[in-house]
Amino acid sequence: MLDSEDCTLSLDNLFFERPVVHKVKPLCQEQSSWQLEPPLSLSQIPATQDIQKEAEGLSSFSFSQKSNKFLPPLKRAADGDGFTPKNNKLNQNTSDGRKEPEAQGGCVLWSREDFMNKSQDTTKVRGRTKTPHESGHALEQKHFPLEFSQSPPLRRSLFKPPSGQVLNSSANSIRGLNQARPRVQQTFDQVSMATEPRLAKQSAAGSGPLTDLGPPTARGPPQKTQDKGTKRAHVLPMTPQPLHIQSTSGPGILRPISEIPAKFRSVFKEFPYFNYVQSKALDDVLYTGKNFVACAPTGSGKTVLFELAIIRLLMETTEPWRNVKAVYMAPIKALCSQRFEDWKNKFGPLGLSCKELTGDTEIDDFFEIQDANIIMTTPEKWDSMTRKWRDNCLLQLVRLFLIDEVHVVKDPMRGATLEVVVSRMKAVHAYRAAENPQEDVSMRFVAVSATIPNTKDIADWLCDDRDPATCLEMDESHRPVKLRKVVLGFPCNSNQTEFKFDLSLNYKMANIIQTYSDQKPTLVFCSTRKGVQQSATVLAKDARFIMSIEHKQRLVNYANSLLDSKLRDLVSFGVGFHHAGVDVSDRKRIEEAFNMGDLPVLFTTSTLAMGVNLPAHLVVIKSTTHYIGGACEEYSEADMLQMIGRAGRPQFDTSATAVIMTKTQTKDKYMQFMNGAEIIESSLHTHLVEHLNAEIVLHTISDVNMALDWIRSSFLYIRALKNPRHYGFSTDLDRCGIEAKLQELCLKNLNSLASIGLISMDEDVNIKATEAGRLMARYCVAFDTMKQFSKVTGTETLPELIELMVKGREFTDVQLRVNEKRTLNTLNKDKNRITIRYPMEGKIKNKEMKVNCLIQAQFGSIPIQEFGLAQDTGRIFRNGVRISRCLAEFLNQRSKTGFSALLNSLILAKCFRAKLWEDSPYVSKQLEKIGLSLSTAMVNAGLTTFNKIEQTNARELELIVNRHPPFGNQIRDAVMNLPKYEVSLEQLPRYNIATAEIVVTVNVKNHEQLLSKRTTHDHHYVTMIIGDCDNNVVFLQKLTDLMLLKSGNWSKKIEVAKAFKGEEISVNLISSEYVGLDIQQKFSAFYSGPKSSRQKTM
């Protein structure tokens, strides 16, 4: 029976009208001009009861080709494609009395084609999906029965027959038309799910699936058909006018794309009208240069606001736009990558260059943005880039700063960085305005988010010199896809752990998916990677998806292309999982299968909620708690809203459901949460010390008063005035009192910096950065890590320095998972396998031990099979490279009494860059095109040094690594073009009891060859470090390859004081990047007569 919902059309969905399509018979009738119907008045809208009665009267219809009965739409325009009705009957009984679904004509609980037709055969608006009969873009002039033509205008829209069926009062004309035009062929791919044991009874309404609609055809777009003797003319308007609409929130206007200057319309070429949210923002974003903040529901097309702001910037400047720079900042790399791919295609033809700058912190990468007009970056990356903005004019060219997901400002870990970056960009603008008072050097901020309840606070923070930013707040009533929200409470005993409760929810999942999925794709969020895999496994056992042979084969094809064996088994049953521990290629295949509608259910972690756009009709949040730092905590409201926002994306769906599974005790809390949102607070006060130091190094702060001025530009200041209790201040304080408290907070953090020599302060609290403070800012190192560095005594060995590093705060996000302990313990100690060089006592029981173990495993070239551990290793090394360099330079600028620690820190920094121990036999792994497997083959052949590789015949090298020519020549050439250093020391015949004069010389033996070609980069250097027996640093010098190649050698006379513990000195030449180039030797100084020693080493 036709449901009343099938015949209702929300006026909120009328985002635009498109041009009318006329069928014009040649030479028989005049072509009418294009025009839009006036909007309907409330009096013209029929009552719901009348619509339902008419729908019931039309509910019986035939699909015979000779039928002349009216066919009402079933929630979507048929477009000649047919439809798949719901049928929840379970017809067969099992041996134990339970009912089983039938393979044919049975319980259709999920249909791929139903989803695909909805996602592909609908008409898109930016941020909105419209069916053809909703949008009015493909309306056709048709002959309707008399009684139908007399219906009100709205009813004509509601009961428009499916396209591909032209109704006529004459049955003969219908038959003639059907004979002249074959019906579009169909492919039905039915999927049904049953649970074992049988779940609660489902409703049995609905007819069986249609099977007599013609032979199946190849999958593809619907075939285009044309009536005999007719021509189809698309009559477009010359200048489309704004479209007036009526919604539950009042009248509105949809603005046409034609308002945009012609040269920029290609950015919006897919859509004739902006949607309601975009139309509301158009004037403020495009026709003013004021800062702007938008808070609108997920999927309402907020990205278009960024594109309009970019176009506004281009309209303000003249071509060519060489010096135009805009920055797009998003909290995760995935969002930046999406935007890069999108905008590269949209703005590239206009002559703009896009650059994705999300790599891990590199110190010298300003050249990457030199020619870029639009830069996509993360807060952490832009923080490191702007920590020396005064030295680089490129950063001062930024005119537009776009902030996506601005609610991240409340994140306890990352929010402070976003907040500081925005405040710093405001400082850049103020500096530029002061330097060029005559020029218009404005910088505009545009921020968007779907989850800001206190938008006005963000607007106050993003104020310009005079006024706060313009605000646009759109509530859920403007959501393009109507969302049904369900909160389910499940009992949890007081003695039941969070883990067991989470496990119990796995067995409720099949019932929930069957009840709420409406036969469409389902996305389930779990708190942990292990929970994701467990839930997927349980569902695959509890539920069976009954699919066609073709659909089953597609899933088998997907499964065969996957690397993960567990994932491969699950996908063949219609269930998949996706998290950061899954191989990248597997993740892409799973996303593809889910996007195509082939994968009914996907389990994932909450990290996927941040911007990855997957078509989910149903979103399930399985448990409202997750693990942070080893402790179980509730999801933040912002995280919950992000996950819920994945339901019903407009480009894929027209309706959506979100289900929250929580404890009975917290059900009421989440019911209330659905009606409101959490206030966004600042987290800067918990990370103030690092950011204060960075601003001191930038000279933004030079005394306590300037520190308070800097605080006033932050979101922390805005919120502290409104909610002082959250920041530990009394609610009785006025503005002056709160500012005094903030100044006190600054002073406390300044004293902490001064306590370990990162800054210097005089009696008047004038502040200056020290060299150690500059290193901390340059390498973006946490204050707690610098405190660890300050504890170095100077005698530390290499393993002791590794233990010191792993205690740094940069590695706190690395989690020790239960299923990893066996692998880690095997790496640490195992009699039958290769283990790490410096094993730790006992079992691996904390994250510091895990980090230490993975670092040593990587240095030792021990293969790590588990993808999750390999991924953690990559993240550890990205942080380790900069932290180890900071440690080496920190020890270098200290007193010269710690030769051993300094030498080992230089070696450790090089090991992190090369990912090898300093004496590793796997030197070939550093060459291009050689990984661990080829390097292992060379080690097994005895090629453990660069010298041995160079002396081996090229053809022999190719046999060893099983490669074709000229691979061997390429390896030998790369080795031959590495620098070959030689160190010599000679004592001058000037004798003294206390000191000895020694000349140190460094030669590059192949410097003439290197002048034409070399393997190392221009920034490669070696460090000459000499120490005595008393652990004192006698001499330290950094020598770049460029300097050495100018003359081929370098010499220096040094004076060596006699040490108490002996006359021997240690001479070391350490490469900054390459293992296998170092020179380490001993030299005994002579204090009573002449002595010379020369030693050559490759």
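User: Which residue with a positive phi follows α14?

Analyst: Before the answer, a word on the source: this is a predicted model, where local features need pLDDT of at least 70, side-chain atom pairs count only at pLDDT 80 or more, and totals for chains, interfaces and linings use all residues. Residues are numbered from 1 along each chain as its sequence is written, and side-chain values use heavy atoms, with hydrogens and water left out. Helices here are DSSP runs of H or I with at least four residues, strands are E runs of at least two, and both are numbered from the N terminus. α14 spans residues 509-516, and the residue that follows with phi near 55 degrees is D518.

User: How many of the residues of α14 are buried?

Analyst: Buried means under 20% relative accessible area, with exposed over 50% and partly exposed in between (1.4 Å probe, protein chains only). On that scale M509, A510, I512, I513, Q514 and Y516 of α14 are buried. The helix is mostly covered, and the count is 6 of 8.

User: Which residues have the most contacts inside the largest nonpolar core?

Analyst: A nonpolar core is a set of buried Ala, Val, Leu, Ile, Met, Phe, Trp, Tyr and Cys residues joined through side-chain atoms within 4.5 Å. The largest one has 82 residues, and the two with the most contacts inside it are L753 and F859.

User: And what does L753 touch, leaving aside its neighbours within four places in sequence?

Analyst: Contact means heavy atoms within 4.5 Å. With those neighbours set aside, the partners of L753 are V689, L692, N693, I696, L758, I759, M776 and F783.

User: Is α28 parallel or oblique to α29?

Analyst: Axes are lines fitted to C-alpha atoms, for helices over the stretch in contact, and angles run from 0 to 180 degrees between N-to-C directions. α28 (residues 821-828) and α29 (residues 847-859) pack at about 55 degrees, their axes 10 Å apart. Under 35 degrees counts as roughly parallel, over 145 as roughly antiparallel, 65 to 115 as roughly perpendicular and the rest as oblique. So α28 is oblique to α29.

User: Which residues of α29 make that contact?

Analyst: From α28, the contact uses L824, L827 and N828. On the α29 side, the residues are K850, C853, L854 and A857.
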